[in-house]
Amino acid sequence: MSFVSFAQVTSEIDTTKIRIGEQINYRIKVEADSSALVVFPEGQTFMPLESVEALDVDTTKKDAKFLLSRIYKLTKFDSGSYTIPRQRIIIGDKPFFTDSLKIEVNTIEVDTTKQKLYDIKPIIEVEKTGGNWWIWLLIAIAAIALVAFLLYWFIWRQKPLTEEEEIALLPPYDRAKLALKKLDESQYLIRSEVKEYYSELTMAIRKYLDEKVYDRSLESTTDELISRLQLLKEGNQFPFTKETIHNLETILKRADLVKFAKSAPDTPLIEMDRATIEKEIDSVKACLPEPTEEEKLLDQQYKEAQERKKKRRKVILTVAISLFLIIATYIGFSLKYGFGYVKDTVLGNESKELLEGEWVESAYGYPPVYIETPEVLRRMPDSLPVEIRDKFERTVFAFGSEEQNISVAIITTKALNIEDQQNQEGVEKNVAQSIEQILNEWEARNVQNIITKGEQYITPNAVEGIKTHGSADFPIRNSEDKLDGEYAIFSFATTDAIMHITLIWAKDDVYVEDIIDRIIDSIELKSNEQANAEQEAQN
């Protein structure tokens with residue numbers, strides 16, 4: 001048991017030797033007047049040991065004075081010999097200090113004959129949360145599905161045929177017979193519309209002749225049509241009978257009289273003409289030669305060509321509409337968000353994904369540096385020379401590289417012994433030297449064209465520091481190219497520690513610049529009053 005006594009302050013620990021991870025009960029006792037204000041140490045003032053817990057102050061009364069006692073639970077996870085620094089207790093307006101105490105941290109002996117040993121488990125990568133990307137995916141799928149449905153419904157779907165389309169698909173003979181049937185069902189004769197009746201009647205025979213006999217039957221006059229039929233008969237192309245030609249001539253001329261001379265035949269005569277037209281359609285059909293195999297083949301090929309043409313028209317229309325929608329969507333979003341932003345969103349951009357991803361806000365090192373970054377900073381190996389590791393402790397946290405157009409590092413160097421701590425003038429000198437050392441290390445790494453500027457910097461929570469910034473050409477690993485970049489080094493210091501926040505990024509990358517701005521705006525450290533209070537407590 002170690003025990004040290006002062007005028008009004010005593011401190012003790014329950015043991016001077018522990019194993020790795022075990023806890024020490026460090027007790028501070030204070031005897032003070034009932035009216036005196038007593039302030040015990042707070043925070044990590046026991047470095048290099050870690051403060052696990054500070055219990056509540058226990059108060060007892062002794063005569064006209066109070067006896068105050070507080071226990072701190074301390075531990076260490078590295079073996080070795082360590083010194084608990086002096087602790088500062090303020091009674092009223094006067095400071096009192098405990099003495100420093102030596103602690104031995106021993107390794108744990110393991111009986112390998114009874115205890116099996118296993119390899120260290122590999123690091124498990126934790127998947128980052130995906131954010132709300134699935135919502136945008138659902139919206140995109142819904143939009144594509146809607147467009148596909150509209151294209152199918154209006155272009156590719158086999159639409160029900162209209163009555164006119166169904167009639168058009170019928171053979172000429174069937175269309176002529178159907179036209180006569182519809183004429184019988186009409187109300188022309190009941191309404192005494194003889195002109196309209198004869199127009200439909202003659203149109204039925206003319207259309208049939210136009211498709212099967214003479215392809216100008218519709219625009220020919222009655223005399224021209226009859227002359228052509230007579231020539232076809234005399235040329236042995238169609239074996240029309242004289243009766244057929246005579247009947248067609250009679251009915252067509254009577255129809256001309258009805259249409260142009262306002263003639264009004266009797267109903268029996270009209271019905272007779274209707275029956276005659278139907279009979280002559282059958283007669284013409286009987287005169288038509290049977291199509292040859294070659295004609296049938298040509299007709300089949302024609303139909304297939306029409307189907308291919310129709311399908312090609314659908315494909316062209318679908319592609320044109322799709323391209324139009326894609327281009328219109330791209331232009332619309334580009335006008336709202338910018339063409340570069342939309343292009344990077346569609347094609348992907350690593351810097352943009354970092355900027356819009358889930359950021360991490362955390363504290364690194366001690367004294368802690370609070371910062372928000374696109375990814376968690378990882379602890380890097382300590383590069384301090386071996387000969388000074390018993391005097392100084394350095395921690396490095398970093399992420400990114402020149403290949404990613406951005407690099408972030410937090411370097412904290414802390415003095416372990418009180419004699420290595422500096423006054424304010426020494427601190428400023430050490431900060432300047434450490435910045436110069438960083439720039440020298442860059443030059444050793446073949447960083448070229450370094451332009452440096454310096455200015456005072458104040459964090460959002462009013463902590464003063466130094467900002468060193470400028471531009472340089474940074475070498476890219478495994479490449480002969482260099483990163484045309486900019487950098488900023490934010491330096492902060494207490495009497496026993498120097499913290500550097502180093503940022504390197506590519507020029508002319510708007511996303512990286514936004515990332516850097518957001519990181520800089522998030523930098524926070526403990527205020528000077530807090531740092532000085534902790535330092536005085538350690539001294």
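A salt bridge is a side-chain nitrogen of Lys or Arg within 4 Å of a carboxyl oxygen of Asp or Glu. The views below are taken from a predicted model.

View 1. Glu-249 is partly exposed, with a relative accessible area of 25%. Lys-253 is also partly exposed, at 37% relative accessibility.

**View 2. A salt bridge joins Glu-278 to Lys-177.** Their side chains meet at 2.8 Å, N to O. Glu-278 is in helix H7 (residues 267-287) and Lys-177 in helix H3 (residues 172-185), so the pair ties together parts that are 101 residues apart in sequence. Glu-278 has a relative accessible area of 25% and is partly exposed; Lys-177, at 23%, counts as partly exposed. Both residues belong to a network of salt bridges that also links Asp-184, Arg-274 and Asp-282.

**View 3. Glu-42 and Arg-70 form a salt bridge.** The N to O distance is 3.0 Å. Because Glu-42 lies in the loop between S5 and strand S6 (50-54) and Arg-70 in strand S8, the pair ties together parts that are 28 residues apart in sequence. Arg-70 is buried, with a relative accessible area of 10%. The structure holds 17 salt bridges.

**View 4. Strands S5, S10 and S11 make an open sheet.** The three strands follow the order S5-S10-S11, with antiparallel pairing. Strand S5 (38-39) and strand S11 (94-97) are the edge strands, each pairing on one side only. S5 is joined to strand S10 (residues 88-91) by two bridges. Opposite Val-39 stands Ile-90 in S10.

**View 5. Strand S4 pairs with strand S2 and with strand S8.** S2 (residues 9-13) and S4 (residues 23-33) run antiparallel and are joined by five bridges. Ile-13 has Tyr-26 in S4 as its bridge partner. Eleven bridges join S4 to S8 (residues 65-75), and these two strands also run antiparallel. Asp-33 stands opposite Lys-65 in S8.

**View 6. Lysines and arginines form a positive surface patch.** The patch consists of Lys-159, Arg-308, Lys-309, Lys-310, Arg-312 and Arg-313. Lys-159 is located in the loop between helix H1 (133-156) and helix H2 (163-168). With a relative accessible area of 38%, Lys-159 is partly exposed.

Technical notes
Residues are numbered from 1 along each chain as its sequence is written. This is a predicted model: local features need pLDDT of at least 70, side-chain atom pairs count only at pLDDT 80 or more; totals for chains, interfaces and linings use all residues. Side-chain values use heavy atoms; hydrogens and water are left out. Patches are made of residues with over 30% relative accessible area and no salt bridge: like charges are joined within 9 Å, nonpolar side chains (Val, Leu, Ile, Met, Phe, Trp, Tyr) within 5 Å. Accessible areas come from the Shrake-Rupley method with a 1.4 Å probe; for residues, only the protein chains shown count as cover. Lys and Arg count as positive and Asp and Glu as negative; His and the chain ends are not counted. The place of a charge is taken as NZ of Lys, CZ of Arg, CG of Asp or CD of Glu. Helices (H or I, at least four residues) and strands (E, at least two) are DSSP runs, numbered from the N terminus. Buried means under 20% relative accessible area, exposed over 50%, partly exposed in between (1.4 Å probe, protein chains only). Two strands pair if DSSP finds at least two bridges between them.
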